[in-house]
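Please walk me through this structure in short steps. Take one chain after the other, and state each cut-off where it is used.

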Amino acid sequence: MRISKPSRVMLYSLLVLFACLTLLPFWSCVVTALKTSKEVVLTTPVTPPLHPTLAPLMESLSYLRRPLLNSLVLVGSGTVVSCFFGSILGYVFSKRKVRGSTLLFVLVILGLYIPPQVQLIPMVRVISKIGLHGDLGALVLLYMVFGIPMCTFIFKTLYDEIPDSFIRAAKVDGAGTWTIYRRIILPLSVIPFVVAALLQVTIIWNDFIWGLVLTTGIRNLPVTVAMANLKGSFVAEWNLQMGGALWIALPTLIIFVFLGKYIMRGYGAK
Amino acid sequence: MASLTIKGLTKRYGEIVAVEKLDLEVKDKEFVVLVGPSGCGKTTVLNSIAGLLEINEGEIWFGDELVTAPERDIFKIPQKREVAMVFQDYAIYPHMTVFGNIAFPLEIRKVKKREIEARVKKAAQLLKIDNLLGRKPKALSGGQRQRIALGRAMVRGPRIFLLDEPFANLDAKLRVHARMELKKLQQELEVTAIFVTHDQVEAMTMGDRIAVMNDGSLEQIGTPVELYHNPRNTFVAKFIGSPPMNMLDGTLVEKNGDIAIDLGFFVYGLSGRMKELTKKVKMLKVALGVRPEEIAIMKEGTKNSFEAKVVYMELVGKESNVHLEAAGNPFIAIRTSTQDLKVGSKVWVSFDEQKIHIFDQESGKVVL
């Protein structure tokens, strides 16, 4: 379809306008992170810095070093474990259907729809009971388990696209359930693994609420919670906070820019 | 290699009966084609033989080994049945090379590497795909994929070959070639083969015997010649042959002391053998069946002929299908030359009495 010239101009100006609006917070974040504390107070949040400095960025990084490491541990363990179980469960739900497996699948998926706010109090009590409250281990365990329903869902929908005749042919050829998984399903799972892993990485990295209620002390905090603490008790150190925010946004930003299409597949489960 | 015996196979999906009390016997090294319209249960039978489906009643024997008998709690899993199956979509694994695909069943059986290589090479040479062994299947044509599937099936020397519409995704020209090749291969390898198709031409050209299925039960089993010349009922008569057998509904009447069939627009007098046989028959409503090639089209009327109009003519290579109509009843005749015929013209038609079939209209069963 051809678009006439005036409407094309309209279209582009609208798009540019929306792009500017969306990028405004990010812009403000970048310029503020490059200002000294004095300049932050004296200028508006959108004016570029007169005397740019990297000091806030460095300072926030040194404060966030341990939390960044914590978050890396959480992302690594949570992604690997829930992808592994998600893949196996997805295979069972998609290709090894037994009586009642549809009901079981629905129950697993229901786990996706229970809002965390509802689970806060019970989860704090459970974690305290097993003696992990305040510890990073609580979060490690939680993300491993909580990621499984979503990963199962992604793997199951993507495995549904693998023809059933592959499975039946392998059975007739003598392959058992585990061999079929290892020799046929797993090698065809590159896309679901990428999709599920990227979603898990961004979800765990960006999560705030569980870290806030389940961990204490800088040694145990994930990076998002630690950044909130950068605010300062009496004076708001905006440049430090924005510096921290930039460090935190960086990995997800890279993922969205370069691998965004896989994340869209995950949300669309296609 | 083995024979196959199916006794009283019944498979239900909830309330729906997919196959009912099916008996089938396939001899060792025989090529049997299961043919029927889609949804008639032929693939269900094939899957039951492979063990991919559990049946509700009946027994399946490979030679003298009982592999399925739900009443006796016997069910051998597909992995242990030593059958090979070729699927309609070939089920070629996209992440393996052609070699990997063909070698797969041997690798699972932990056959020694050197032997795998030798056997895969031999199968590939037989199928003329030995130059493709290192390729990934993605870029291969339908005909090549079909050969890979055949190679994977034959490489381990199965007891029974099961083929589920393996030519459905090939173009018409390739299909004719593939038919001949598969038949030749089956004879060379001397395997028992069961081939499922909905295409009666495939059935006629390939089967040592053909089993015609409809609505979950077996209508008739026999050699292609038997099915063509002696169909047991109207379903088989109409299913086998292209164009199909013409069916004209009528009633048995007496005309001047002779037996005849009143077709409404014409009373077809029976004589000789037909007359003797129809005398024993009690029913009145019958269907007169006649194959297109047994219809004679003439310029002038003779005894026992009637007038019809030429509606349409289609040239099919050497022959033409002549669509005729008599008092609103359409039927088709085959003729080698049509130069003397014109669309819309009147002609006279008669049937070769030795070649007609009479069926009971109600049950569809053949009377003679």
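**Two domains in chain A**

The C-alpha centres of domain 1 of chain A and domain 2 of chain A lie 32 Å apart. The bounds come from an automatic or database domain assignment. That assignment gives domain 1 as 1-53 and domain 2 as 54-268 in chain A. This is a predicted model: local features need pLDDT of at least 70, side-chain atom pairs count only at pLDDT 80 or more, and totals for chains, interfaces and linings use all residues. Residues are numbered from 1 along each chain as its sequence is written, while chains are lettered from A and ligands numbered from 1 in the order in which they are written.

How many residues of domain 1 of chain A are in contact with domain 2 of chain A? On the domain 1 side there are 8 residues, and they are in contact with 11 residues of domain 2 of chain A. Contact here means that the C-beta atoms of two residues, placed from the backbone, lie within 7 Å. On the domain 1 side, the elements that give two or more residues are α1 (5-33) and α2 (37-42) of chain A. By class, the domain 1 side divides into 4 nonpolar, 3 polar and 1 charged. Ala, Val, Leu, Ile, Met, Phe, Trp, Tyr, Cys and Pro count as nonpolar; Asp, Glu, Lys and Arg count as charged; the others, Gly among them, are polar.

Further along chain A is helix α9 (residues 190-206). Its 17 residues should span 24 Å at 1.5 Å a residue, and the end C-alpha atoms are 24 Å apart, so the two agree. The expected span is 1.5 Å times one less than the number of residues. Buried residues of α9(A) include Phe193(A), Leu198(A), Ile204(A) and Trp205(A). A residue is buried if 20 or more other C-beta atoms lie within 10 Å of its own, exposed if 12 or fewer, and partly exposed in between, with C-beta atoms placed from the backbone.

Pro251(A) is in helix α12 (residues 238-268) of chain A. Pro251(A) counts as partly exposed because it has 18 C-beta neighbours inside 10 Å. Asn70(A) is 181 residues from Pro251(A) along the chain, and their C-alpha atoms are separated by 15 Å.

**Chain B and its sheet**

Now turn to chain B. It has 9 helices and 21 strands. Its C-alpha atoms fill a box of roughly 80 × 50 × 35 Å, taken along the principal axes. Of its 368 residues, 39% are buried. Among contacts in chain B with a separation of 6 or more, 65% come from residues 24 or more positions apart.

An open sheet of 6 strands in chain B has the order β7-β8-β9-β3-β10-β11, with mixed pairing. Two strands pair if DSSP finds at least two bridges between them. Which are the edge strands? They are β7 (83-86) and β11 (217-222) of chain B, and each pairs on one side only. The twist averages 20 degrees from one strand to the next. Within the sheet, β3 (residues 31-35) and β10 (residues 209-214) of chain B pair in the parallel sense over 4 bridges. Val33(B) stands opposite Ile210(B) in β10(B).

α4(B) lies across β7 and β8 (160-164) of chain B, running at about 175 degrees to β7(B). Axes are lines fitted to C-alpha atoms, for helices over the stretch in contact, and angles run from 0 to 180 degrees between N-to-C directions.

**Between the chains**

In the interface, 16 residues of chain B are in contact with 15 residues of chain A. On the chain B side, β7 and α2 (98-108) of chain B are the elements that give two or more residues. That side has 12 nonpolar, 2 polar and 2 charged residues.

**Backbone exceptions in chain B**

Most residues other than glycine have a negative phi, and most peptide bonds are trans. Asp73(B) has a positive phi of about 60 degrees although it is not a glycine. Asp73(B) lies in the loop between β5 (65-69) and β6 (74-75) of chain B. Asp73(B) is exposed, because 6 other C-beta atoms lie within 10 Å. Lys128(B), also not a glycine, has a positive phi of about 60 degrees. A cis peptide bond joins Ser242(B) and Pro243(B), with omega about -5 degrees. Pro243(B) lies in the loop between α8 (234-239) and β12 (246-255) of chain B.
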